[in-house]
Amino acid sequence: MDIRVRQPNILEDPSQEIHDEILSRVGQDSSAQLFMVKSVCKAFERHSEHVLVYERLSFDRWCISPWGNHKLARIFFMAIYYGNPNGIFRYGLRTYFDSIYPDIGLHYLEKASNMQLKEACYVYGLDMFASHQTKKKNIGLQLLSRTFPLVTDLVVEVRAKVFELLRRC
């Protein structure tokens with residue numbers, strides 16, 4: 001008599017929140033690792049489409065924006081749609097400096113700075129501070145002084161990250 005015992009499968013666990021949380025943390029550390037995990041099985045691919053994954057997805061190793069690859073561009077825009085601060089910042093940066101609609105880019109930079117992303121606060125604050133309008137100068141100065149209360153190595157580090165991002169593309 002051959003009795004086959006069914007082995008437990010974590011993918012069939014009814015608590016999908018656990019899978020979403022795990023995959024969001026993988027994507028938070030590295031989007032490249034998330035792409036590898038997605039190819040493991042259909043269940044992981046399905047769970048990697050969760051809102052939480054897009055909200056936390058890391059773009060640290062990406063170019064500013066992946067216009068050349070439609071699959072990456074889709075992921076990028078889904079992350080923006082779900083409110084990923086880093087995606088919003090990168091889209092704003094690209095649109096501000098590389099388009100005929102800099103106001104749209106500035107809108108996204110402001111949105112990312114409101115989400116307390118330090119790189120966005122730095123770029124948006126500098127742009128406001130460089131304005132010819134006194135009101136915008138004050139907004140920029142307040143944002144920079146609130147984000148970076150003391151000019152320290154943190155400002156230098158954030159500036160270096162922004163310049164590295166711009167240099168890559």
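Before the details, a word on conventions: residues are numbered from 1 along each chain as its sequence is written, and side-chain values use heavy atoms, with hydrogens and water left out. Since the model is predicted, local features need pLDDT of at least 70 and side-chain atom pairs count only at pLDDT 80 or more, while totals for chains, interfaces and linings use all residues.

Let me start with the core. The largest nonpolar core has 29 residues, and those that touch the most other members are Phe 89, Leu 93, Leu 109, Tyr 122, Val 123 and Tyr 124; such a core is a set of buried Ala, Val, Leu, Ile, Met, Phe, Trp, Tyr and Cys residues joined through side-chain atoms within 4.5 Å, where buried means under 20% relative accessible area, exposed over 50%, and partly exposed in between, with a 1.4 Å probe and protein chains only. At least two residues of this core come from each of α4 (51-56), α5 (70-81), α6 (85-97), α7, α8, α9 and α10 (153-168), the helices being DSSP runs of H or I with at least four residues, numbered from the N terminus. Which helix gives the largest share of this core? That is α8, with 6 residues.

Two packed helices are described by the angle between their axes and the distance between the axes. The axes of α8 and α9 come within 7 Å and cross at roughly 150°, the axes being lines fitted to C-alpha atoms over the stretch in contact, with angles running from 0 to 180 degrees between N-to-C directions. The two helices are therefore roughly antiparallel, on a scale where angles under 35 degrees count as roughly parallel, over 145 as roughly antiparallel, 65 to 115 as roughly perpendicular and the rest as oblique.

Turning to α6, its axis lies 10 Å from that of α8, and the two pack at an angle of about 30°, which makes them roughly parallel. Phe 89, Leu 93 and Tyr 96 of α6 meet Glu 119, Ala 120, Val 123 and Asp 127 of α8, a set with 5 nonpolar, no polar and 2 charged residues.

With α7, finally, the angle is about 130° and the axes are 8 Å apart, so α7 and α8 are oblique to each other. Tyr 124, leaving aside residues up to four places away in sequence, touches Leu 106, Leu 109, Glu 110, Ser 113 and Leu 143.

I would close with two individual residues. Thr 95, by contrast, is found in helix α6 and is buried, with a relative accessible area of 9%.

How values were computed: Contact means heavy atoms within 4.5 Å. Ala, Val, Leu, Ile, Met, Phe, Trp, Tyr, Cys and Pro count as nonpolar, Asp, Glu, Lys and Arg as charged, and the others, Gly among them, as polar.
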